[in-house]
Amino acid sequence: MQLISRIQALEKTARQLEPHLLVRQEWHSAIEQYANEFIEDNPKLNAFDSFDANHFAQLEMDIPEEGRPIEEILAFYKETTDRVGINPASGKHFGYVPGGGVMPSALGDYLAAITNRYAGIFFANPGSVKIENQLLRWMCKMIAYPTNSLGNLCSGGSIANLIAVTTARDARGINSEKIPKAVAYMTNQVHHCVQKAMMIAGMREVIIRYIDVDEALKMDVIHLRKQIAADKKQGLYPFLVVSSAGTTNTGVIDPLDAIADIAEENDLWYHIDAAYGGFFLMLEEYKHLFKGVERSDSFTIDPHKGLFLSYGLGAILVKDTEKLYASFSYTGDYMQDAFELAEEPSPADLSPELTKHFRGLRMWLSLQLLGTKAFRAALEEKILLCQYFHKEVQKIGFEVGPQPDLSITVYRYVPTIGDANLFNQSILEAVRKDGRVFLSSTTIDGVFWIRLAVLSFRAHLEEVQLCLEILSEVVNKQLKVVYKN
Ligand SMILES: *Cc1c(COP(=O)(O)O)cnc(C)c1O
């Protein structure tokens with residue numbers, strides 16, 4: 001009797017976890033109102049708000065014993081999170097690689113969370129596995145992989161690259177004995193998460209050969225071929241080449257087809273990192289830039305970049321699904337009913353995860369609600385906006401990097417006196433202080449460049465023109481400082 005009454009007493013409190021419809025409606029409408037205001041106000045919001053780091057280090061809301069009113073929570077969120085630092089949802093965010101976050105992405109996450117279907121295993125929820133595999137096959141088709149190729153939807157490009165190098169390691173038999181003699185090839189323009197992935201996948205001691213780049217910062221295939229031959233002669237074991245289809249630095253595409261020839265001749269695993277550039281393959285007119293893409297063994301592509309989804313969705317595509325399975329399948333006794341012969345391979349067998357976010361739903365819902373046409377228009381618009389900027393920024397006195405392949409470009413202002421690197425750093429600082437647009441920078445061979453990455457779906461002509469205006473204002477101001485000293 002005591003047990004029953006204790007259970008009943010607990011139940012009363014535990015049931016607070018399933019709030020009444022009226023409470024749910026109140027929460028919903030508060031969040032909905034917040035979201036609508038955010039989207040409406042967003043064009044007026046800064047792309048960057050500077051902040052006092054010390055102040056933020058101390059700022060937190062206690063985890064309460066009893067729940068708080070939603071207004072209080074949202075007010076805290078707005079003040080501390082939503083109005084400080086970079087605003088990645090802004091169309092005036094031109095730093096790093098922005099995407100924006102189309103609204104159906106949030107709805108997909110909401111639906112996935114409410115229904116909480118188990119997307120890791122076909123047996124548990126065939127529909128969600130089917131949706132994720134359909135999306136993977138849709139992307140595989142985009143790069144002309146065979147129809148039985150697959151991959152995995154993961155949290156981002158870093159994890160996609162980790163899955164790729166792990167698969168490459170196993171597919172080429174790189175065991176502990178071979179690791180110190182194994183060689184991977186890439187350029188210094190590769191995204192740093194590739195080296196990090198090698199480290200995590202137990203390949204810290206693998207020899208990384210940085211292949212020269214040409215003037216446009218693309219891999220020099222003559223050097224690649226020579227280096228592999230030299231390494232083989234030395235008794236080393238070349239096994240992996242990583243190229244970029246859209247580098248993070250300058251958005252250029254390596255000579256994919258020529259690299260494929262060399263990978264084939266030498267039996268290297270060929271990985272292409274197209275985390276940034278991959279979705280430009282949706283544009284028929286630009287497909288030629290990616291010639292040879294179908295000859296790769298694996299391909300990284302980030303829907304939270306080129307498909308403008310909210311952060312948290314990357315993808316790895318692998319031509320030979322068996323190879324992915326060989327690296328990522330394992331099972332436990334408690335899983336005995338889950339591994340029945342399934343028509344569809346399960347994400348749990350093709351990735352490090354078991355229980356996972358049904359992250360495909362946000363992509364599927366966005367594509368279903370918005371259709372591919374608008375995405376294609378936005379992608380082509382970004383390429384043309386970047387070309388426009390590349391042309392216009394020269395008119396206000398900037399020197400530019402190579403003609404952009406896609407939607408990233410670099411530029412810098414070289415004053416007649418003083419240190420150009422310091423001058424461009426001061427421009428960048430002034431732009432950040434202004435806050436209306438956000439830009440990031442990079443260093444290439446010791447030269448400091450400011451970058452422009454046009455990829456937010458909210459970036460249109462108006463936003464790019466504002467960026468040019470601000471740059472022009474800031475340069476004039478900074479020049480006055482230089483010539484006064
Ligand atoms: C952004 C990017 C990555 C890293 O992807 P995350 O989604 O940030 O983990 C890897 N490679 C390239 C080329 C990128 O642009």
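Biologist: Why is the pairing of Arg83 with Asp82 called a salt bridge?
Modeller: Their closest N and O atoms are 3.5 Å apart. A salt bridge needs a side-chain nitrogen of Lys or Arg within 4 Å of a carboxyl oxygen of Asp or Glu, so the pair qualifies. This is a predicted model: local features need pLDDT of at least 70, side-chain atom pairs need 80 or more, and totals for chains, interfaces and linings use all residues. Numbering runs from 1 along each chain as its sequence is written, and side-chain values use heavy atoms, without hydrogens or water.

Biologist: Are Arg83 and Asp82 buried or exposed?
Modeller: Buried means under 20% relative accessible area, exposed over 50%, partly exposed in between (1.4 Å probe, protein chains only). Asp82 has 18%, so Asp82 is buried. Arg83 has 24%, so Arg83 is partly exposed.

Biologist: What makes Lys218 and Asp405 a salt bridge?
Modeller: Their closest N and O atoms lie 2.9 Å apart. The pair links distant parts of the chain, 187 residues apart. Lys218 sits in the loop between strand S5 (207-211) and H9, and Asp405 in the loop between S10 and S11. Helices (H or I, at least four residues) and strands (E, at least two) are DSSP runs, numbered from the N terminus. Asp405 is at 16% relative accessibility, so Asp405 counts as buried.

Biologist: Which residue pairs with Lys382?
Modeller: Glu381 does, with closest N and O atoms 2.8 Å apart. Lys382 has 0% relative accessible area, so Lys382 is buried. Glu381 has 24%, so Glu381 is partly exposed. Elsewhere, salt bridges with shared partners join Asp257, Asp261, Glu264, Lys291 and Arg295 into one network.

Biologist: How many salt bridges does the structure hold?
Modeller: The count is 26.

Biologist: Why are the buried residues of H10 said to line one face?
Modeller: In H10 (256-266) they are Leu256, Ile259, Ala260, Ile262, Ala263 and Asn266. They fall within an arc of 165 degrees, seen down the axis, so they line one face. The arc uses directions from the helix axis to the C-beta atoms. The face turned away carries exposed Glu264 and Glu265.

Biologist: What covers the buried residues of H10?
Modeller: The cover includes helix H9 (221-233), strand S6 (237-244) and strand S7 (269-274).

Biologist: What makes the side chains of Gln403 and His390 a polar contact?
Modeller: They come to 3.4 Å. A polar contact is an N or O pair within 3.5 Å; within protein, one atom must be able to donate a hydrogen and the other to accept it, and residues adjacent in sequence count only if both atoms are side-chain atoms. So the pair passes.

How values were computed:
Contact means heavy atoms within 4.5 Å.
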